[in-house]
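Good morning, and thank you for coming.

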Amino acid sequence: MATPDNHADTARCEHISRLLARISDKWSMLVVRVLGRGPLRFNALRREVGEISQKVLASTLRDLEENGFVSRTVTPVTPPQVEYALTDLGRDFLQPVQTLAEWVLANSPRMDRARIEYAERRARD
């Protein structure tokens with residue numbers, strides 16, 4: 001059983017929090033979902049992800065590559081072609097990402113109701 005003064009538990013929680021912060025942001029999860037359909041070049045990926053800036057997509061791809069979720073393949077033609085794909089780790093991550101997305105869709109009405117009820121309570125106070 002975990003206790004508040006257990007340094008090992010605290011360190012483990014901090015480690016998990018840092019790793020989750022790296023991989024669970026909105027754009028990383030969207031990029032992983034899109035690449036789950038297959039490899040894409042940068043502009044095709046940007047179109048599929050939606051309203052993401054070039055700078056944010058490039059940064060997200062670098063972070064995902066650094067953490068082992070995405071591979072970057074450069075084809076030496078003129079101009080060079082770069083393709084992004086999920087690695088084995090990225091494909092493993094795809095399942096929880098899809099599960100979370102399904103959970104969000106299934107529970108969106110409940111969250112919408114909660115926000116409305118919260119706003120009504122705040123307005124009364």
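**Surface patch and salt bridges**

Trp103 is placed in helix H5, residues 88-124; helices (H or I, at least four residues) and strands (E, at least two) are DSSP runs, numbered from the N terminus. Please note that this is a predicted model, in which local features need pLDDT of at least 70, side-chain atom pairs count only at pLDDT 80 or more, and totals for chains, interfaces and linings use all residues. Residues are numbered from 1 along each chain as its sequence is written, and side-chain values use heavy atoms, with hydrogens and water left out.

Trp103 counts as partly exposed because its relative accessibility is 46%; buried means under 20% relative accessible area, exposed over 50%, and partly exposed in between (1.4 Å probe, protein chains only). Together with Leu100, Val104 and Met111, Trp103 makes a nonpolar surface patch of about 340 Å². Such patches consist of residues with over 30% relative accessible area and no salt bridge, where like charges are joined within 9 Å and nonpolar side chains (Val, Leu, Ile, Met, Phe, Trp, Tyr) within 5 Å. Areas come from the Shrake-Rupley method with a 1.4 Å probe, and for residues only the protein chains shown count as cover.

How many salt bridges does the structure hold? There are 4, a salt bridge being a side-chain nitrogen of Lys or Arg within 4 Å of a carboxyl oxygen of Asp or Glu. One of them joins Glu48 to Arg37, with the closest N and O atoms 3.0 Å apart. Glu48 lies in helix H3 (residues 42-49) and Arg37 in the loop between helix H2 (26-35) and strand S1 (40-41), so this pair ties together parts that are 11 residues apart in sequence.
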